[in-house]
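Here are a few notes to read alongside the model. I hope they are handy as you look it over.

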Amino acid sequence: MAPTGDDDHYHPKDAVSAGLRNGAIFGGVGLLVAAVKNSLEKKNVGPWKTFTRRGELIAAMAAVGGVYEFTRLASANLREKEDFWNEAIGGFLGGATIGLRSGRMTKILGFGALTGVVTAVYDYTGGSLKGRLERPEMDEYERKEMLRKNRRRPIEETLAEIGEGRGIKPPGYEERRRERIKERYGIEVKTFSANPDAA
């Protein structure tokens with residue numbers, strides 16, 4: 001994502017502290033996953049088995065988070081740009097860290113490539129699953145109103161496609177309905193009003 005605002009100059013970020021912070025967060029997630037796996041064991045195991053048996057998972061998660069964030073910010077600092085290539089580089093090295101557990105080069109490169117592509121595409125599309133906004137300066141409400149007006153169709157066209165009834169009552173619907181009922185079933189439908197003063 002390109003820097004916005006009046007000052008287009010890149011401001012470097014502290015990659016080491018961000019990498020350590022992200023590594024701690026991912027390590028916490030790994031600890032949670034390890035604790036859940038430990039609690040689902042069929043045998044009764046103690047809480048220390050979370051660290052002794054699943055410590056590798058916790059360390060791998062912490063390493064992935066730390067390597068990804070550090071590499072992403074370090075490449076942004078070196079390139080002095082903030083765009084999707086930083087996400088691709090960080091994602092590649094973070095994914096390669098996942099593959100290191102297997103010890104096979106094909107898995108290291110495969111996980112790295114997959115993670116790099118996914119993170120780069122996610123950032124390139126605006127960091128949202130809805131996609132990048134065309135005009136980020138436009139208010140969201142105004143954008144939705146513009147889309148609604150742009151795609152609004154005349155009522156005649158809608159009625160021609162789906163027909164009337166089922167809650168769709170255009171002007172003159174009651175008269176046409178009475179005529180159809182009289183034509184098909186020979187019953188004359190009289191109109192009633194809940195207002196006692198109405199004629």
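Predicted model: local features only at pLDDT ≥ 70, side-chain atom pairs only at ≥ 80, totals over all residues.

1. Numbering starts from 1 along each chain as its sequence is written, and side-chain values use heavy atoms, with hydrogens and water left out.

2. The chain has 8 helices and 0 strands (DSSP runs: H or I of at least four residues for helices, E of at least two for strands). Of its 199 residues, 25% are buried (under 20% relative accessible area, 1.4 Å probe, protein chains only). The accessible surface is about 15,000 Å², and carbon and sulfur atoms hold 60% of that (Shrake-Rupley method, 1.4 Å probe).

3. Do have a look at helix 1 (residues 15-39) and helix 3 (residues 55-79), which pack at about 155° with axes 7 Å apart (axes are lines fitted to C-alpha atoms over the stretch in contact, and angles run from 0 to 180 degrees between N-to-C directions). Helix 1 and helix 3 are therefore roughly antiparallel (angles over 145 degrees). The residues of this contact divide into 16 nonpolar, 8 polar and 1 charged (Asp, Glu, Lys and Arg count as charged; Ala, Val, Leu, Ile, Met, Phe, Trp, Tyr, Cys and Pro as nonpolar; the others as polar).

4. Lastly, V189 lies in the segment after helix 8 (173-185). V189 counts as partly exposed because its relative accessibility is 28% (between 20% and 50%). Not counting residues up to four places away in sequence, V189 touches R178 and I181 (heavy atoms within 4.5 Å). V189 and R178 are 11 residues apart in sequence, with their C-alpha atoms 5.8 Å apart.

Key
Parallel < 35°, antiparallel > 145°, perpendicular 65-115°, else oblique.
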